[in-house]
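The entries below follow the order in which I looked.

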Amino acid sequence: MRIAFFSWEFWPRLVGGLGTYAIEITKKFVEYGNEVTVFTLNDGNLPTKENWNGIEIHRPLILDSSNIFPIFVREDLKRWGHHLKFFSDIFAYNYLSASKLVNQIIRKEGRKFDIISFHDWLSAFAGIMIKNNIKIPSVFHVHSLEEQRSLGGGSEVVKEVEREAARVADKIITVSYSMKEFMESLNYPKDKISVVYNGIDAKKYSLENVNWELVEKLKKRYEIENEKVIFFIGRLTWVKGVSNLIKAMPEVLKDFPNVKLIILGKGESYSDLIQLKQSLGLGKKVEIRSEWVSEEERIAHYALADLCVFPSISEPFGIVSLEAMSMEKPIVVGARGISGLREQVIPSGENRTGVHVNGEDPNDIAWGIKVILENFEEAKKWGKNGRKRVLENFTIEKTANETLKIYEDVIKNFNR
């Protein structure tokens, strides 16, 4: 297949889990003999076109239109304040990318594509514009929704964009059955929605692929001496439950004073989390590091950890839990409400991989952490079960094969 793939984040510019997914899945598509052309955002410092790992990447240079947008956009967007520049940049990336594909690559150069794959509202404008201008099969990948990200609030404009993208797309792929049920409750078209779990490269995320010298350097950096390490990695934002994890630490430290929490990630809550840590008097028992690190260093952090905690309040999937399980770590996950984590982590029985908690309740998070610390030798088995579960159900190979099968069915049905 010849696939046009729209993702606002892609190599080398990564922001979160979507970028990691986009890189891994497109590499597999190419490995399996498909042609992939990626359209992604240019931060102004990247080439407008290049070939990487057999993937053709287009990054149109955008113009700053943030001063123009407030003139004609509705009040809902004006309330974004300085974030309106982000919206205007996203729209520019979508418009220029869709125009380049349709007008230059397809109409002028005469190249053909079998399917359009576009991801979340951040690339939905492009998907909608392309469908309005040429007849081509398209799949809208929903990794999250505005109602889910904001727990019912959020931008009405973004919600409308998501709904229009779902209307024009020939198929919708989402990342968990929890997310599918939520979409159906919002009256998204049931007959269009399929579930394909995200997957990871289990060879990469393996204890056999650890730079142990780097692990020792991290121990020195975080001043770890005979302490059990609790690890969180992800966006530093309220919906990930990070503040509740910090609030849980005094209760954990009462019974287990010899532990340390390491938090790694970037996000708008960073300053608030630092203040929270200080107000609770946690000192060096909580280390918060706000930066994006290399994959090698991510793997080293997992190797350093004794257990991982991802107490999301709302999480369509949560790829970090797969990485942790693949690294044989017992995990504590937020499992209330919309939770793909709940579908990944088995909380009881002989195949147990971790603990389910309420990510909104610091006491419940503390309870979950203590369950693992109290049963630490047993919990090592849960970590091994996690690795086995990833290999059986959550590899990037499985994700790619299932996704390509859906693409093939969409193309067949479109051409009938």
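Entry one, an aspartate. I began with Asp 76, having noted that the model is a predicted one, and I found this residue in helix α3, which covers residues 75-78. Is Asp 76 buried or exposed? Its relative accessibility is 10%, and because buried means under 20%, I wrote it down as buried.

I then looked up what surrounds it. Setting aside neighbours within four places in sequence, I found Asp 76 in contact with Gly 154, Ser 155, Glu 156 and Val 157. With Ser 155 there is a polar contact between the two side chains at 2.7 Å, and the side chain of Asp 76 also reaches the backbone nitrogen of Val 157 at 3.2 Å.

Entry two, salt bridges. I recalled that side chains of opposite charge can pair when their charged atoms come close.

Next I turned to helix α8 (residues 177-185), where Glu 184 and Lys 180 are four residues apart and so are separated by about one helical turn. The closest N and O atoms of their salt bridge are 2.6 Å apart, and I noted both Glu 184 and Lys 180 as buried.

In helix α16 (residues 376-393) I found Lys 381 and Glu 378, three residues apart, or about one turn of the helix. Their side chains meet in a salt bridge of 3.6 Å, N to O, and Glu 378, at 37% relative accessibility, counts as partly exposed.

Phe 6 stands opposite Phe 39, which is in β2. Strand β2 spans residues 35-39, and four of its five residues are buried, so the rest of the structure largely encloses it.

Which residues make the nonpolar surface patch of about 360 Å²? I wrote down Ile 68, Ile 71 and Phe 72. Ile 68 lies in the loop between β4 (55-58) and α2 (69-72), and at 49% relative accessibility it counts as partly exposed.

Terms used: Residues numbered from 1 in each chain as written. Predicted model: local features only at pLDDT ≥ 70, side-chain atom pairs only at ≥ 80, totals over all residues. Heavy atoms only, no water. Patch = residues over 30% accessible without salt bridge, like charges linked within 9 Å, V, L, I, M, F, W, Y side chains within 5 Å. Areas by Shrake-Rupley, 256 points an atom, 1.4 Å probe, with all protein chains shown as cover. Salt bridge = Lys/Arg side-chain N within 4 Å of Asp/Glu carboxyl O. Buried < 20%, exposed > 50% of the residue type's maximum accessible area, 1.4 Å probe, protein only. Polar contact = N/O pair within 3.5 Å; in protein donor to acceptor, adjacent residues only side chain to side chain. Contact = heavy atoms within 4.5 Å. Pairing = 2+ DSSP bridges.
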